[in-house]
Amino acid sequence: MKYITKSILKKIYKKREKWCHKYDFGNLLIIGGSKLYSGSIIFNALAAYRAGCDVVTIVAPERAANIAASYLPEIIAYPLNCEYFSLKVLDEVLEFVKGKDAIVIGGGMTKRDEVIEFIIEFLKRINLPCVIDADAIYAISKDLKILKEKFVLTPHAYEFYLLSKEKVENNIKDRIKKVKEFINKSNVKSVLVLKGYIDIIAQKNKIALNKTGSVYMTKGGTGDTLAGILGALLARKVDPFLAACAACYINGKAGELAAKKYGESMLA
């Protein structure tokens, strides 16, 4: 068990070749949003681009996709003819998986029955590295057997409870113990990031701790930026455990810098 330090960035961001080109550093697919929510997928996309991803594509229900597309010209957003995800759009969404390097799923999707059904079936069908966040964590809690080694789960304390049925205290020793027990008992091979004042990043026989961050990172969207950064690193074909460690460090350090400048006024 070790604390993550700045040196981890040297393993991620290496000197680029002079003749590098678009797609050398990641082609990321973001699946999320709904009639009600569009912010999460925008945070995912912005954070992924800022973390070095070359191309980010959002697939979302029409209203969310249109809002995302208007936010920044770099964002490619495909509008589905629906208000919420369901199995009706599964084949259409799966077409966008082709040629992508990694996926982020979950932000703003809601916990409606048809959405949960879509998420579970989608995750069964894919074999790319994937960040499972927010509403997708709720969905996966229904069937842990579909988790794969390339997946990274990013729960906060309550979402971890949904997965493990164990409540965690604001105590790092208790959290480490509960995370280890969950991974061992459930035989989950995916990487798990339990977010908090100290982040715990764990996989079978591996665990790391991240201390970067700020008490001002309670603002909505800071979990979405973590998911976007992590998606960008997975899209660079970084090992999922290493990518999760680096993403936690980067997101927390960005939060520290923003908090130092803005304090209570900081935004994701």
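A: **Helix packing up close**

Let's start with α9, which passes α10 in a right-handed crossing. A crossing is right-handed if the near helix is turned clockwise from the far one by less than a right angle, and left-handed if anticlockwise. Helices here are DSSP runs of H or I with at least four residues, strands are runs of E with at least two, and both are numbered from the N terminus. Bear in mind that this is a predicted model, in which local features need pLDDT of at least 70 and side-chain atom pairs count only at pLDDT 80 or more, while totals for chains, interfaces and linings use all residues. Residues are numbered from 1 along each chain as its sequence is written, and side-chain values use heavy atoms, with hydrogens and water left out.

Back to that first pair. The axes of α9 (residues 222-235) and α10 (residues 240-262) come within 9 Å and cross at roughly 140°. That makes α9 oblique to α10; angles under 35 degrees count as roughly parallel, over 145 as roughly antiparallel, 65 to 115 as roughly perpendicular, and the rest as oblique. Axes are lines fitted to C-alpha atoms, for helices over the stretch in contact, with angles from 0 to 180 degrees between N-to-C directions. Contact means heavy atoms within 4.5 Å. On the α9 side the residues include Leu226, Ile229 and Leu233, and on the α10 side they include Ala243, Ala247 and Ile250. The residues of this α9 and α10 contact split into 12 nonpolar, three polar and no charged.

Next come α2 and α3 (residues 62-71), with axes that come within 9 Å and cross at roughly 35°. This crossing of α2 and α3 is right-handed too. Ile41, Ile42 and Leu46 of α2 meet Ala64, Ile67, Ala68 and Tyr71 of α3, which gives seven nonpolar residues, no polar and no charged. Helix α2 (residues 39-50) also lies across β2, β3 and β5, at about 175° to β3.

With α7 and α8, the axes come within 11 Å and cross at roughly 35°, and the crossing is left-handed. Ala157, Phe160, Leu163 and Ser164 in α7 meet Arg175, Lys178, Val179 and Phe182 in α8. That contact of α7 with α8 holds five nonpolar, one polar and two charged residues.

Now for the rings. Five aromatic pairs are counted in the model, where rings of Phe, Tyr and Trp (its six-membered ring) pair if their centres lie within 6.5 Å; planes under 30 degrees apart count as stacked, over 60 as edge-to-face and the rest as tilted. Phe160 and Phe182 have ring centres 5.6 Å apart and planes at 80°, so the pair is edge-to-face. Phe160 sits in α7 (residues 157-164) and Phe182 in α8 (residues 172-186), so the pair ties together parts that are 22 residues apart in sequence.

Terms used:
Nonpolar A, V, L, I, M, F, W, Y, C, P; charged D, E, K, R; others polar.
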